[in-house]
Amino acid sequence: MEAFVCAVDSGSLAKAARAIGITPAMMGRRVDALEQRLGVKLLHRTTRHLAVTEEGAVFVEQCKRALAEIATAEDLISSGRHTAVGHLRLTAPAGFGRRHVAPHAPGFLAANPQVQLSFDLTDRVVDLVREGYDLGVRIGSALDPDLVAVRLARNRRVVCAAPAYLERHGTPRTLDELSRHQCLTFMPNVGQSVSWSFLHKDRTVAVRVHGKLDCNDGELLHRWAREGLGLAWRSTWEIQAELVRGELVTVLDEFALPDYDIRAVYAPQAHVPAKVRFFVEHLRQTYATAGYWTQS
């Protein structure tokens, strides 16, 4: 098609051949092959003259439009590897997403104006591939082995409480002592038993806990802990500022899970789109900023 369009525009097979960088004989064979496949005559050719047939005149305009669309598609895909473009759909845990993902969207869009962002903030584990998401943010060690994971920031899961609670009820020193404390538990489903995970003797153990208060909202548990209503099992990303100010303190640190990091995950692919790579890097650099996690 390119050879045919070039021949029509130049008015000569020889000129078209020189423009494309092939021999006139090869140019002739390309036009012959195109005519044979279509079953129509596109050009009347002599040694001195080239004329477009009626069918050829119609076909050349269609060819130009098709080639222009192909060029546009190639430019879009090529530039998409170096410039963030398109619609980025991502999912993150609700509390973390509200505080540490969505607030950084304006800065990313200012630097990448050709991107559209859609957030799904939910505590359920989303199937990225089946549900059509480009990117997910996950917290914890249990990750889908079929996904690519990039660590965004270090994080631990710790037991914490307000100093006032520990003054009234004492500080637990062993995992067995948790049974004597009010534990503020995350309860996504009514009637579900709750366990907190710890590292004990080089293996992960689950400890059943209970208390008079439970809910399905992490921010409410965080507030109850600050108010001195019990022990809470929270991530350091959520409580770091309060730990620095002394409003919360950690207990049972020697049993804390060492690997509960914050990661970006996406489906493996030969060429990761720039919109994905750039947003992952945007979050990673933001989280690495000095003092980020201790800000109010």
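Which residues does H104 touch, not counting residues up to four places away in sequence? The reply is in point 2.

1. Basis. This is a predicted model, in which local features need pLDDT of at least 70, side-chain atom pairs count only at pLDDT 80 or more, and totals for chains, interfaces and linings use all residues. Residues are numbered from 1 along each chain as its sequence is written, and side-chain values use heavy atoms, with hydrogens and water left out.

2. H104. This residue is found in the loop between α5 (94-100) and α6 (105-111); helices (H or I, at least four residues) and strands (E, at least two) are DSSP runs, numbered from the N terminus. H104 touches H282, L283, T286, Y287 and Y292, residues up to four places away in sequence not being counted; contact means heavy atoms within 4.5 Å. The relative accessible area of H104 is 15%, so H104 is buried. Buried means under 20% relative accessible area, exposed over 50%, and partly exposed in between (1.4 Å probe, protein chains only).

3. Sheet with β3 to β6 and β14. Five strands form an open sheet with mixed pairing, in the order β4-β3-β5-β14-β6; two strands pair if DSSP finds at least two bridges between them. The edges are β4 (115-121) and β6 (148-153), each with a single partner strand, so one side of each has no neighbour in the sheet. From one strand to the next the twist averages 25 degrees. Axes are lines fitted to C-alpha atoms, for helices over the stretch in contact, and angles run from 0 to 180 degrees between N-to-C directions. Strands β3 (residues 86-92) and β5 (residues 135-139) run parallel and are joined by two bridges, with T91 opposite G136 in β5. Helix α11 (residues 274-288) lies across β3, β4, β5, β6 and β14 (262-266), at about 30 degrees to β6.

4. Sheet with β7, β8 and β11 to β13. This open sheet of five strands is ordered β11-β8-β12-β7-β13, and its pairing is mixed. At its edges stand β11 and β13 (249-251), each with a single partner strand, so one side of each is without a neighbour in the sheet. Strand β8 (residues 183-186) runs parallel to β12 (residues 231-235), with two bridges between them; L184 stands opposite A232 in β12. Two bridges also join β8 to β11 (residues 214-215), again running parallel, and here F186 is opposite C215 in β11. By contrast, β7 and β12 run antiparallel and are joined by four bridges, with V158 opposite R234 in β12. Helix α10 packs on the sheet, touching β7, β12 and β13, and its direction makes about 115 degrees with that of β12. Helix α9 lies across β8, β11 and β12, running at about 170 degrees to β8.

5. Helix α10. Its buried residues are T236, W237, E238, I239, A241 and E242. These pack against α5, β5, β7 (157-161), α9, β12 and β14. After α10 comes G246, whose phi is positive, near 80 degrees.

6. Largest pocket. About 1200 Å³ of space lies in the largest pocket. The closest to its centre, of the 44 residues that line it, are D123, I139, R157, F186 and Y260. On a 1 Å grid over the protein atoms alone, a pocket is an open set of points where a 1.4 Å probe fits, with protein on both sides within 12 Å along at least five of seven lines; lining residues have an atom within 4 Å of a point. Grid points are joined across faces, edges and corners, and the volume is the space filled by probe spheres set on the points. Helix α5 gives the most to the lining, with five residues. The lining has 20 nonpolar, 13 polar and eleven charged residues; Ala, Val, Leu, Ile, Met, Phe, Trp, Tyr, Cys and Pro count as nonpolar, Asp, Glu, Lys and Arg as charged, and the others, Gly among them, as polar.

7. In α1 (residues 2-10), A3, F4, V5 and A7 are buried. L13 is in helix α2 (residues 13-20) and is buried, with a relative accessible area of 18%. Leaving aside neighbours within four places in sequence, L13 is in contact with A7, M27, G28, V31, R45 and L50. L13 and V31 are 18 residues apart in sequence and 9.3 Å apart in space, C-alpha to C-alpha.
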